[in-house]
Amino acid sequence: MLLMKKYKQLTSEQRYAIYLGLENGDTQRTIASLIGVSPSAVSRELQRNKDKRGGYSWRLAHEMAMERRERLPGNRSTPEWITEMLEAPVYFTDPYSAWQKGSIENANKLIRQYIPKGASFKDYPPDRLKRIQHRLNERPRKKLDFNTPKVEFYKQLM
């Protein structure tokens, strides 16, 4: 199994060292060895943060990196008024982060067995949608020892 190191963003000191290395005319490989990162990290930093004239500003690069960090999945906060109004914790998933919404993705997969992707629900009569809904809700669940949710619900009542 290939183990990969977790990528860590460069510090402002490392970015400043890249800037000084470029000013001294050092190669990317030399700069990388001086600051303790791989040459590809320096190359990626320069490609990502060069200005229109091809120059590199370490301060601007650091500001842009901090902005990108804020946009990473998991760095979103829930508006507190929603949590207070519902009196329950509320979590929002990040865009393009399917791993954060497993149950809905699974439900979508099950629905696609009956309704192809891209098809409109308006194209299906209500009684057909009801039958699909009934089939999905009456499916045995592994999590419930292959019972249906209805059976488990009535077990709780008795």
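Visitor: Why are Arg131 and Asp127 separated by about one helical turn?

Guide: Because the two sit four residues apart in helix 7 (residues 126-137). A helix here is a DSSP run of H or I with at least four residues, a strand is a run of E with at least two, and both are numbered from the N terminus. Keep in mind that this is a predicted model: local features need pLDDT of at least 70, side-chain atom pairs count only at pLDDT 80 or more, and totals for chains, interfaces and linings use all residues. Residues are numbered from 1 along each chain as its sequence is written, and side-chain values use heavy atoms, leaving out hydrogens and water.

Visitor: What makes Arg131 and Asp127 a salt bridge?

Guide: The rule asks for a side-chain nitrogen of Lys or Arg within 4 Å of a carboxyl oxygen of Asp or Glu. Arg131 and Asp127 come to 3.6 Å, N to O, so the pair passes. Side chains of opposite charge can pair when their charged atoms come close.

Visitor: Why is Arg131 called partly exposed?

Guide: Buried means under 20% relative accessible area, exposed means over 50%, and partly exposed is what falls in between (1.4 Å probe, protein chains only). Arg131 has 46% and Asp127 has 49%, so both get the in-between label.

Visitor: How many salt bridges are there?

Guide: Four, by that rule. Another one joins Glu45 and Arg15, whose closest N and O atoms are 2.8 Å apart. Glu45 belongs to helix 3 (residues 39-49) and Arg15 to helix 1 (residues 12-24), so this pair ties together parts 30 residues apart in sequence. Both Glu45 and Arg15 are buried. Then there's Arg53 with Asp51, at 3.9 Å between the closest N and O atoms. In that pair Arg53 is exposed at 80% relative accessible area, while Asp51 is partly exposed at 32%.

Visitor: How many aromatic pairs does the structure hold?

Guide: Three. One of them is Tyr16 with Trp58, with 5.0 Å centre to centre and 70° between the planes. Tyr16 is in helix 1 and Trp58 in helix 4 (residues 58-70), 42 residues apart, and the pair links these distant parts of the chain.

Visitor: Which residues make up the largest nonpolar core?

Guide: There are 10: Leu10, Ile18, Ile31, Ala32, Ile35, Val42, Leu46, Tyr56, Trp58 and Ala61. Helix 2 (28-35), helix 3 and helix 4 each give two or more residues, and helix 2 gives the most, with three. Apart from this core lies another, of five residues, among them Leu110, Ile115, Tyr124 and Leu136.

Visitor: What makes a set of residues a nonpolar core?

Guide: They must be buried Ala, Val, Leu, Ile, Met, Phe, Trp, Tyr or Cys residues, joined through side-chain atoms within 4.5 Å. In soluble globular proteins, nonpolar side chains tend to be buried together.

Visitor: Why is the group with Phe153, Tyr154, Leu157 and Met158 called a patch?

Guide: Patches take residues with over 30% relative accessible area and no salt bridge, joining like charges within 9 Å and nonpolar side chains (Val, Leu, Ile, Met, Phe, Trp, Tyr) within 5 Å. Tyr154, in helix 8 (residues 149-157), has 45%, so it clears the 30% cut-off. Together the four have about 550 Å² of accessible area, worked out by the Shrake-Rupley method with a 1.4 Å probe, where for residues only the protein chains shown count as cover.

Visitor: Where does Phe146 lie, and what is its phi?

Guide: Phe146 lies in the loop between helix 7 and helix 8, and its phi is about 65°, positive although it is not a glycine. Most residues other than glycine have a negative phi. Asp145 is in that loop too, with a positive phi near 55°. Relative accessibility is 57% for Phe146 and 66% for Asp145, so both count as exposed.

Conventions: Phe/Tyr/Trp six-rings, centres within 6.5 Å; stacked < 30°, edge-to-face > 60°.
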